[in-house]
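This report walks through one protein model, beginning with a single residue and its surroundings and widening from there to the sheets, the helices and the chain as a whole.

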Amino acid sequence: MGVATTLREYLESRGIAYEIVEHPHTDSAMRAAEAAHVPGDQVAKPVLLGDDHSYLLAVIPATHRLELDRLNQMMARNLEMLPEDEIEATFSDCERGAIPALGEPYGVDVLIDPALIHQADVYFESGDHEHLIHLHGEVFRNLMEHVPRAHVSHHL
């Protein structure tokens, strides 16, 4: 499959330079980092959450675990992990479990853990389980310029 159409069109319409890193099939962001031989701290792992209000894509490093209670307390919300069918409906051009770390092309609000912001390079799923998008850190920071930041995860 390569890069999901929505993601590709979003990146290209903004003139964003990116590389595609191919790797053997994996089933998690951390395993993708290992398979692609890139640091797990540089792989952005998106977690799609929702409540009665809306969806939120929490983006954390692959080496971290989301602290959902902390996030809910900070945002005064009752966000929960979404079932796969809702994730698939929102990211309809992505394979199950391989959504990208950018919510804007899909109309989803994003919150990012600051642990990712200062990385020299950032990688994230392209929409399938065999390719990562590689962005230089500055490009990623520009994409996330207006995205709220909060420490909502801890290192495993």
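Leaving aside residues up to four places away in sequence, V110 touches L56, L57, V59, G103, M144, V147 and P148, where contact means heavy atoms within 4.5 Å. V110 is found in strand β6; helices (H or I, at least four residues) and strands (E, at least two) are DSSP runs, numbered from the N terminus. At 11% relative accessibility, V110 counts as buried, the term being used for residues under 20% relative accessible area, with exposed meaning over 50% and partly exposed in between (1.4 Å probe, protein chains only). The C-alpha atom of V110 is separated by 23 Å from that of G2, which is 108 residues apart from V110 along the chain.

The model is predicted: local features need pLDDT of at least 70, side-chain atom pairs count only at pLDDT 80 or more, and totals for chains, interfaces and linings use all residues. Residues are numbered from 1 along each chain as its sequence is written, and side-chain values use heavy atoms, with hydrogens and water left out.

**The mixed sheet**

Strand β6 belongs to an open sheet of four strands in the order β5-β2-β3-β6, with mixed pairing; two strands pair if DSSP finds at least two bridges between them. β5 (80-81) and β6 (109-112) stand at the edges with a single partner strand each, so one side of each is left without a neighbour in the sheet. Helix α3 (residues 68-75) packs on this sheet, touching β2 (44-50), β3, β5 and β6, and its direction makes about 130° with that of β3; axes are lines fitted to C-alpha atoms, for helices over the stretch in contact, and angles run from 0 to 180 degrees between N-to-C directions.

Strands of a sheet pair through backbone hydrogen bonds, either parallel or antiparallel. The pairings listed below include those of this sheet and one from a second sheet, described further on.

| Strands | Bridges | Direction |
|---|---|---|
| β2 and β3 | seven | antiparallel |
| β2 and β5 | two | antiparallel |
| β3 and β6 | four | parallel |
| β7 and β8 | five | antiparallel |

In β6, the partner of L57 is V110, and L56 stands opposite D109. L56 is also the bridge partner, in β3, of L49, while A58 in β3 is the partner of V47. β2 and β3 form a hairpin with four residues between them.

How many residues of β2 are buried? Six of its seven residues are, so β2 is largely enclosed by the rest of the structure. The count for β3 is also six of seven, so β3 too is largely enclosed by the rest of the structure.

In β8, L135 is the bridge partner of V122.

Helix α1 (residues 5-13) has L7, Y10 and L11 as its buried residues. They cover an arc of only 95° around the axis, which puts them on the same side of α1; the arc is that of the directions from the helix axis to the C-beta atoms. These buried residues of α1 pack against β7, β8 and α5 (137-143). Just after α1, G15 takes a positive phi of about 65°.

**The whole chain**

The protein has five helices and nine strands, and from the N terminus on its elements run α-β-α-β-β-β-α-β-α-β-β-β-α-β. Of its 156 residues, 53% count as buried. Among the contacts with a separation of 6 or more, residues 24 or more positions apart account for 67%.

With 156 residues, a compact globule would have a radius of gyration near 15 Å, and the 14 Å of the protein agrees with this; the radius is taken over C-alpha atoms, and the globule rule is 2.2 Å times the number of residues to the power 0.38. Taken along the principal axes, the C-alpha atoms fill a box of roughly 40 × 30 × 30 Å.
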